[in-house]
Amino acid sequence: MAKKVNEINAGSMADIAFLLLIFFLVTTTMDVDTGISRKLPPPPPKDQEDIKVKERNVLKVLVSKSDRLMVNNKPDDVSNLRYEVKEFLRNTDIHNPISPEDKPEKKKKSINLPLLGGEVWPSNGVISLKNDRGTSYDMYIQVQNELAAAIRELRDELTQQYFGMRFKQLTDNNKIKAIQKAIPIAISEAEPAEIGGN
Amino acid sequence: MAKFKKKGGKATPGISTSSLPDIIFMLLFFFMVTTTMRESTLLVQIKPPQATEVQKLEKKSLVSFIFIGPPLKKQFGTESRIQLNDSFATVKDIPEFIESEREARDEADRKLLTTSLKVDKETKMGVVTDVKQQLREIGAFKINYSTAKKLANK
């Protein structure tokens, strides 16, 4: 007759599991990485000439070495920036190829977006962001944040108008793409330079 | 007397602990799945700036990190330095770093590779701009400025 095999004592199983549990509890990092996503432009070709852009199509945002802000050559504050950018980029009549005198021109080509009711003429306005090498990263992010907020709010307005919800609430990819095309992220970062200033 | 006898008659049975390991194992698997080991030890101090317009960084496996900040150990100075993987680096090391990050990924995923810039808020833009220029040249266009979420004060 075979020897009777003793059963393995499972009482310590819980202890072993506890030990592992505590190990993973300690090493786990639950924090989700968040941030502002941007796409860098490809490097310019060497023989590229300066592209001339009409003054009315550009909103110049300058951040000086000592974190002071200048918008279209006038000193300004970060708290006003969002409003100014919104006013500048606002595209009140997206189906009209002609824009009012005080607004930037429309793009030369229209985009056919049936979801937004046919031909759409996006604004040709560009925000030119320039900073000094001495600008603090915090200030730079504050400015980027305001620019992102302005564009987000404009997109919200348009989404509200056509789909009755906020841009973030959209789930249909085609709608998201349509809104993104109607209001592009028009931020141009100048080649870095020493602009100095206080 | 009967009164007293009754009292000791029904003892509440002890709670069965035989399912305890299962419960613990369940918790264990949860943490095993959600855990992400910190890949590199930080050599620089990073206090991220705050912003309201933040997005979640998705697909962590497709993100490579560049840390920029003042060194934790004071003997390396107080000026912001770049950290790649586990060591200090200069701007010139970035193409090599990105290249090795690309090698480590699938062919199909390489285009989706995002570079997350974890930068201390006291850092001057000069370093950051240099890094961005390097990234542009090597074709790593997707970047993410790592920021903490600030609650909008309205």
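Which residue in β7(B) does A:Ser37 stand opposite?

Modeller: A:Ser37 stands opposite B:Asn144 in β7(B). Before going further, please keep in mind that this is a predicted model, in which local features need pLDDT of at least 70 and side-chain atom pairs count only at pLDDT 80 or more, while totals for chains, interfaces and linings use all residues. Residues are numbered from 1 along each chain as its sequence is written, and chains are lettered from A and ligands numbered from 1 in the order in which they are written.

Strand β7 of chain B covers residues 142-146, where strands (E, at least two residues) and helices (H or I, at least four) are DSSP runs numbered from the N terminus. Its partner in the other chain is β1(A), residues 34-39, and the two strands pair in the antiparallel sense over five bridges; strands count as paired if DSSP finds at least two bridges between them. Besides the pair you asked about, A:Ile36 stands opposite B:Tyr145, and A:Arg38 has B:Ile143 as its bridge partner.

Within chain B, β7(B) is joined by three bridges to β6(B), and these two strands run parallel. B:Ile143 takes part here as well, as the bridge partner of B:Thr115. Between β6(B) and β7(B) the chain passes through α4(B), and this β-α-β crossover is right-handed, that is, with the strands pointing away from the viewer, the path from the first strand over the helix to the second runs clockwise.

These pairings belong to an open sheet of seven strands with mixed pairing, in the order β2(B)-β1(A)-β7(B)-β6(B)-β3(B)-β4(B)-β5(B). Since β2(B) and β5(B) stand at the edges with a single partner strand each, one side of each is left without a neighbour in the sheet.

For chain B as a whole, 22% of its 154 residues count as buried.

The contact takes 44 residues from chain B and 40 residues from chain A, and the largest share of the chain B side, nine residues, comes from α2(B). That side divides into 20 nonpolar, twelve polar and twelve charged residues, where Ala, Val, Leu, Ile, Met, Phe, Trp, Tyr, Cys and Pro count as nonpolar, Asp, Glu, Lys and Arg as charged, and the others, Gly among them, as polar. To place the strand in its chain, chain B has four helices and eight strands, running α-α-β-β-β-β-β-α-β-α-β-β from the N terminus on.

Conventions: Contact = placed C-beta atoms within 7 Å. Buried ≥ 20, exposed ≤ 12 C-beta atoms within 10 Å, placed from the backbone.
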